[in-house]
Amino acid sequence: MNIFSSIVLGAIQGVAEFLPISSSGHLSLFQHFFGLANPEETLFFDVLLHLGTLIAVFIYYWRDIVELIQEFFRLVGCVVSKKKREQVGRLSPSGRMILMIIVATLPLFVILPIKDKVESLYGNTIFIGIALLVTGFLLFWSDRMGRGRKTARSATMLDALLVGVGQAIAVVPGLSRSGTSISVGLMRGFRRTFAVRFSFLMSIPAVLGANILSIVDAVQTGIEVSEIPVYIVGTIVAAVAGYFAIRMVNNLAGRGKFGAFAYYCWGVGAAAVITSLIIPMA
């Protein structure tokens with residue numbers, strides 16, 4: 001791993017994590033076809049890249065996160081209070097958002113038993129190409145959805161659960177987590193800006209949990225201490241690129257402009273499948 005590879009992979013992770021084009025799919029394709037890094041030797045680096053994009057979420061949504069943390073402790077107080085029922089019955093939008101994020105995270109636990117099988121798909125460029133084609137259809141369809149009105153005040157826990165199911169399915173490489181969860185939110189009648197906000201906020205426990213599991217695997221695999229300065233550069237690039245990618249997605253979502261990403265995913269997906277058939281995987 002060198003500085004150039006670190007910067008390129010950091011930029012790919014930061015941009016593709018939030019733009020609806022699948023960061024895992026792009027990282028795998030770049031590593032496979034361009035030899036920027038060996039995935040088996042850079043597990044710890046992948047963990048740091050996701051940490052970088054998580055930092056971007058914290059920076060962009062810091063006001064929401066502070067408000068959610070404050071509301072969380074208020075809800076804990078309600079649970080031990082004698083006025084529990086009355087308080088829960090008057091949940092604020094922030095309180096409802098916390099419950100929605102918890103509910104949306106539950107489907108990820110179903111994926112844990114098949115975690116190894118999902119990770120084995122990262123080297124299958126044909127599968128990733130097909131998944132990118134599917135992502136393109138999701139984005140093309142979401143652009144044509146009617147404008148919903150649901151926000152944290154009116155969305156139901158069933159809505160949150162179904163969006164969470166979309167997020168869980170999108171753990172496979174090539175399916176965009178943000179694209180899938182936003183599309184399911186739009187299908188459930190979410191306001192476009194709320195669909196984006198909910199998608200990114202609910203990614204926090206998902207990414208934190210995935211990072212904890214990956215750190216354990218990385219420590220067991222071994223960490224190349226001499227590479228840490230290079231890894232840090234990639235992490236910073238991922239955080240900066242991710243921040244601006246979040247801004248872009250928020251601007252585009254309000255105008256229903258995901259169609260261009262659909263064509264992009266179709267192009268990259270088709271190229272990945274065709275190239276993989278011409279140049280067999282090692």
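The legends below describe close-up views of one predicted model.

View 1. The chain has 282 residues, of which buried residues make up 50%, and its secondary structure comprises 15 helices and 0 strands. Its accessible surface comes to about 13900 Å², and 68% of that area belongs to carbon and sulfur atoms. Among contacts between residues at least 6 apart in sequence, 84% join residues that are at least 24 apart.

**View 2. A nonpolar patch on the surface.** Ile69, Phe72, Phe73 and Val76 together form this patch, which has about 390 Å² of accessible area. One of these residues, phenylalanine 72, belongs to helix 4, which covers residues 62-79. Phenylalanine 72 counts as partly exposed because its relative accessibility is 40%, a value that lies between the limits of 20% for buried and 50% for exposed. In an α-helix there are 3.6 residues a turn, so residues three or four places apart point the same way.

**View 3. Leucine 9 in helix 1.** Leucine 9 sits in helix 1, which covers residues 3-18. With a relative accessible area of 0%, leucine 9 is buried, since buried means under 20%. Although leucine 9 and glutamine 31 are 22 residues apart in sequence, their C-alpha atoms are 8.7 Å apart in space.

**View 4. Helix 10 and its buried residues.** Helix 10 has 13 residues, 157-169, and reaches 18 Å from its first C-alpha to its last, which is close to the 18 Å expected at 1.5 Å a residue. The buried residues of helix 10 are Asp159, Ala160, Val163, Gly164, Gly166, Gln167 and Ala168.

How values were computed. Residues are numbered from 1 along each chain as its sequence is written. This is a predicted model: local features need pLDDT of at least 70, side-chain atom pairs count only at pLDDT 80 or more; totals for chains, interfaces and linings use all residues. Side-chain values use heavy atoms; hydrogens and water are left out. Patches are made of residues with over 30% relative accessible area and no salt bridge: like charges are joined within 9 Å, nonpolar side chains (Val, Leu, Ile, Met, Phe, Trp, Tyr) within 5 Å. Accessible areas come from the Shrake-Rupley method with a 1.4 Å probe; for residues, only the protein chains shown count as cover. A salt bridge is a side-chain nitrogen of Lys or Arg within 4 Å of a carboxyl oxygen of Asp or Glu. Helices (H or I, at least four residues) and strands (E, at least two) are DSSP runs, numbered from the N terminus. Buried means under 20% relative accessible area, exposed over 50%, partly exposed in between (1.4 Å probe, protein chains only). The expected span of a helix is 1.5 Å times one less than its number of residues. Contact means heavy atoms within 4.5 Å.
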